[in-house]
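Hi everyone, thanks for making time this morning.

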Amino acid sequence: MSRLRPMPRLLGALTLALVALAGCSSLPREPQPVAVNIVAINDLHGYLQANPFSYKDPQVPGGVRKLAAGGIATLGGMLTQLRQQDPQLLLIGAGDLVGGSPPLSAMWADEPTLEALRHMGMKLSAIGNHELDNGKAEFLRQLNGGCQSPRPDKACQFRPNYPGSGFPYLAANLLDSDTGRPLLPAYRIEEVRGVKVAFVGAVLRDVASVVSAKGMRGLQVADEADSINRLIPELNAQGVNAIVAVVHQGGATPEPFDKPDCSQLGGDIVDVAKRLDPAVDVLISAHSHQGYLCKVGPLLVTQGNAYGHLLTHLTLQVTPGQHRVASIQAVNLLADPARYPQDQALARLQQEVEARSNQVLLKPVGAIAASPIARRADAAGEMPIGDLIADAHLAGGRAGGAQIAFMNTGGIRSDLALEPGQTQVNYGQLATLQPFNNNLIAFDLTGRQIEQVLNQQWKGAEDANILQVSRGFSYRWDAQRPLDSRVVPGSLRLNGKPLQADGNYRLVMNGFLADGGDRFSLFKSGRNRSDLGVSDLDAMLQYLKAMDQQGQPVGSSTSAGRIQRLN
Ligand SMILES: [Zn+2]
């Protein structure tokens, strides 16, 4: 089970001596390692269909290959092919398999995606943050089956009796605070060809910062590495030969997704990897939607991008009778529909979902003034689509007295663009743009507090998290100022007038952000809070439709310059 260490010189000499003695029949034979094949998928996010993926490829003109990758029929076909080589391969998930999904899956409470994974023979998955989007009770329903749901318009609408995921979710570090016990099993031991492999699951310890407070109600999270390390003696006592950590947390590297032993991995998973017990043989990661096969010290850390673009195929050579993995091979396989046969049953499932969804999704909503309205940020961090969403939320919050809307970029999931031949955007495109269905919340902050919250945007210079802001609000920030005070003091304006430090301003935003999501903790201190009873998606539907009907369709191909960057 320990990672391979360089063989000491003395041991090398001893091996030579043993080889010389190999003819002697009384000597016990060194057991031959057996292969255990593992296929991992992470962050599928309910993507039933192939969807855009691009990656650097020096073989193609321009150096970037673009294709529609993934889709359940292709993923199923890949697994069929891999199982022809090894019928005992273990398909596992690393979380966010559902949640944050396109409407095709989201409108059925992700039940078609879970049906597809069940068909693929998924053995187990670590829980991700998005599995908790709709709270503990709804997650447990998705796991165990049934129709008692906080979203009765979606649950059990695809099939009358939803039977459950059919595979267990794991988390070593998630506590049900109502019972004081773990919400889920911490690990599962699979036996393949006489060797035992333990899969230990964990979710990012900061899960509360990426799930709404409502979603996290009744749950507590502990450190990923500590929670996994604590289990090692228990696993050893059960004769486990290999340990695979499956952690819904990730990192990023500039290196290609299929480069073996990449060395430049950065991000939150690195700290987890460094603190894991050396008994852990491989770390399957997730959450950051990156593809990599990196080494952190001696430990292999993998991830398979997102949305079904890649499958990570690991082959562990495990020595029977020992806590030892002799070697590990890892590849990230591109789910290119042109390269694999389609799984017919999954192709039929996809067609059924499409046919039943399209009646709703293709309903036109209204015209837009530009296409695409892109998710691309300018140098200041402002996006054309961010401007539009903030304006829609402000319009939705006007009745509640809102003056300024803020939108987190993590909640913006696509561009908004007309397809060829389309004159109006449809319901499905808007639901893809904002799939989370959070209600809008209004509350008051002072001008001083708003400046403080904006100064929370630079957690680290590399991953600034710039809030999108509504029409009439503007400010400047300076890249040469310290990370915790980049906003130029006194630069905040509302409709041309400076914000008063002690003045009260009414804000509106989605419930996730209002609960302090994405580390904007200061929003939690808002006063006079009210749930406006309208979802972010509905606010956008109403805004687009109303503006189109007034002959003023909204949207721009460039950002509006509400946020100005100095230096
Ligand atoms: Zn995640």
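Let me begin with a question: is the site of the zinc ion tetrahedral, square planar or irregular? The site is irregular, with angles of 86 to 164° among its 4 donor atoms. Please keep in mind as we go that this is a predicted model.

So who holds the metal? The protein donors of the zinc ion are Asp96 through OD, Asn129 through OD1, His248 through NE2 and His287 through ND1. They lie 2.1 to 2.2 Å from the zinc ion. If you like to read sites off the sequence, the donors follow the spacing D-x32-N-x118-H-x38-H along the chain.

Is His248 buried or exposed? His248 counts as buried because its relative accessibility is 0%. His287, on the other hand, is partly exposed, with a relative accessible area of 21%.

From the metal, let's move to the core. The largest nonpolar core has 49 residues, and Met120, Ile127 and Tyr169 have the most contacts inside it. The elements giving two or more residues to this core are strand S1 (34-41) and the helices H2 (72-85), H4 (111-120), H5 (135-144), H6 (207-210) and H11 (344-361). The largest share, 5 residues, comes from H2. As a general reminder, nonpolar side chains tend to be buried together in soluble globular proteins.

Leaving out residues up to four places away in sequence, Ile127 touches a list of partners including Phe139, Tyr169, Leu170, Leu174 and Leu184.

Finally, let's zoom out to the whole chain. The protein has 16 helices and 28 strands. Its C-alpha atoms fill a box of roughly 90 × 55 × 50 Å along the principal axes. How does the radius of gyration fit a compact globule? For 567 residues such a globule would have a value near 24 Å, and the protein has 25 Å, so the two agree. Buried residues make up 56% of the 567. Among contacts with a separation of 6 or more, 74% are between residues 24 or more positions apart. As for the surface, the protein exposes about 23900 Å², with carbon and sulfur atoms supplying 51% of it.

How values were computed:
Residues numbered from 1 in each chain as written. Predicted model: local features only at pLDDT ≥ 70, side-chain atom pairs only at ≥ 80, totals over all residues. Heavy atoms only, no water. Core = buried A, V, L, I, M, F, W, Y, C linked by side-chain atoms within 4.5 Å. Buried < 20%, exposed > 50% of the residue type's maximum accessible area, 1.4 Å probe, protein only. Helix = DSSP H or I, 4+ residues; strand = E, 2+ residues; numbered from the N terminus. Contact = heavy atoms within 4.5 Å. Donors = N, O, S within 2.8 Å, 3.2 Å for Na, K, Ca; no water. Tetrahedral: all angles 85-135°; square planar, octahedral: opposite > 155°, others 65-115°. Rg over C-alpha atoms; globule rule 2.2 N^0.38 Å. Areas by Shrake-Rupley, 256 points an atom, 1.4 Å probe, with all protein chains shown as cover.
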